[in-house]
Amino acid sequence: MLIQTRPDAISSVISFLRSSIQPGANPLQVSRTLLVLLQIIKELSTARIQRTRHNLQSVSPEIFQLLGGIYVDKLNKWVAILEQGGAGEGELLDALDQSMVSLKVLRRLIIAGYEHPSRNQEVQSFWVLTHSHFSKFLSFVDGSTNLPEPVHRAIEKHLLQMSKLHVEMAKTHPASFALLPDSISLVQSYWSLVVKLGEKYESLGAGDEAEGKSLAEKTGLRALLLIRACAKMAFNPAQTFKYQTPQDKEERKQSVELVKSQLFTEDFVVNVMELLVTQFFRFRNIDFQEWAEEPEDWEKREEENADAWEFSIRSCSEKLFLDLVIHFRDLLIPRL
């Protein structure tokens with residue numbers, strides 16, 4: 001592997017990346033260097049060897065600072081082009097591609113490069129940015145603007161990459177997720193996506209387990225996964241949190257109290273339960289059609305989806321529903 005054969009690979013790539021953003025540099029250099037860096041960080045972030053993980057954590061702050069600046073610069077560039085014009089589609093797509101690769105690396109750095117992401121000031125600042133950027137991406141792809149198809153797809157990829165970061169943070173670093181700035185309001189914003197999805201879920205043409213599902217279904221599923229991750233961190237902390245120091249214990253306690261008191265209010269829990277039951281538990285016309293055509297295949301697919309609940313809106317809804325009923329039995333059972 002690259003890291004094993006070239007121990008200085010990271011420092012070399014950082015140097016190349018710094019030079020690629022200097023005035024007069026070859027425009028292709030930054031794209032190529034970002035792709036190389038992505039492969040290196042992929043390798044390091046998935047390594048099981050403790051020493052390799054420590055190596056990644058030791059260089060993460062430097063890379064994060066440099067890459068965060070590149071990401072913001074490229075994003076501001078393509079946003080300005082979309083809002084003000086003044087550049088061709090090729091230049092627009094180049095900026096989109098560079099910000100996308102930067103975001104992929106940043107996601108891996110935050111998740112694997114920090115033991116406690118919420119304690120890092122730059123991660124906190126970037127986390128706040130992800131809130132506004134997520135909303136901006138949504139505004140661009142909501143259908144109100146006529147974007148070229150390649151541009152529309154590129155922005156959708158940014159949106160999904162950002163939602164992947166939010167879900168992974170909640171799963172991998174639950175205490176940090178809860179303690180990062182405005183995370184509760186972030187989850188509430190995601191819930192609004194679920195509400196919107198519920199309004200048109202019946203009319204969507206393809207089942208949520210089929211290929212080619214809509215952006216609303218993809219983001220709605222990520223929202224459900226995020227809420228379920230929050231339920232796990234609040235009500236099953238022993239399985240989710242690992243702590244050794246007094247600070248770790250205190251952060252765990254604070255995060256659990258925060259999520260319980262500010263997110264899972266009685267009104268929120270009731271609203272979630274009612275929407276899940278009335279919208280996502282129901283079989284749609286497309287389900288009945290598929291069952292009528294191939295009943296055995298349909299039943300087999302439903303069983304498989306129940307096991308792979310992270311990829312199915314209905315199955316994820318069922319899991320979340322059970323989580324809530326278990327922990328809010330007295331509140332929800334009478335309403336059911």
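**Salt bridges and their setting**

Mentor: Arg119, Asp248 and Glu251 are linked in a network of salt bridges, a salt bridge being a side-chain nitrogen of Lys or Arg within 4 Å of a carboxyl oxygen of Asp or Glu. The model is predicted, so local features need pLDDT of at least 70 and side-chain atom pairs count only at pLDDT 80 or more, whereas totals for chains, interfaces and linings use all residues. Residues are numbered from 1 along each chain as its sequence is written, and side-chain values use heavy atoms, with hydrogens and water left out.

By the salt-bridge rule the count comes to nine. Side chains of opposite charge can pair when their charged atoms come close.

In one of them, Arg228 pairs with Asp323, and the closest N and O atoms are 2.5 Å apart. This pair links distant parts of the chain, since Arg228 belongs to helix α10 (residues 215–235) and Asp323 to helix α16 (residues 313–327), 95 residues apart. Helices here are DSSP runs of H or I with at least four residues, numbered from the N terminus. Both Arg228 and Asp323 are buried, that is, under 20% relative accessible area with a 1.4 Å probe and protein chains only; over 50% is exposed, and partly exposed lies in between.

Glu62 and Arg18 form another salt bridge, at 3.4 Å from N to O. Glu62 lies in helix α4 (residues 50–84) and Arg18 in helix α2 (residues 9–20), so the pair ties together parts that are 44 residues apart in sequence. Glu62 is partly exposed at 37% relative accessibility, and Arg18 is partly exposed with a relative accessible area of 37%.

The pair of Arg153 and Glu149 has an N to O distance of 3.8 Å. Arg153 and Glu149 both lie in helix α7, four residues apart, about one turn of the helix. Arg153 is partly exposed at 43%, as is Glu149 at 47%.

Helix α7 (residues 149–172) also packs with helix α5 (residues 89–112), at an angle of about 10° and with the axes 10 Å apart. Axes are lines fitted to C-alpha atoms, for helices over the stretch in contact, and angles run from 0 to 180 degrees between N-to-C directions. Helices α5 and α7 are therefore roughly parallel, the term for angles under 35 degrees. The residues of this contact divide into 14 nonpolar, four polar and six charged; Ala, Val, Leu, Ile, Met, Phe, Trp, Tyr, Cys and Pro count as nonpolar, Asp, Glu, Lys and Arg as charged, and the others, Gly among them, as polar.

Helices α9 (residues 183–200) and α13 (residues 266–280) pack at about 30°, with their axes 10 Å apart, and are therefore roughly parallel to each other. Asp182 lies in the loop between α8 (174–179) and α9. The phi of Asp182 is near 60°, a positive value in a residue other than glycine. Most residues other than glycine have a negative phi.

Finally, a search of the whole structure finds zero disulfides, a disulfide being a pair of cysteine sulfur atoms within 2.5 Å. Among the cysteines, Cys230 is buried at 1% relative accessible area and Cys316 is buried at 0%.

Technical notes: Helix = DSSP H or I, 4+ residues; strand = E, 2+ residues; numbered from the N terminus. Parallel < 35°, antiparallel > 145°, perpendicular 65-115°, else oblique.
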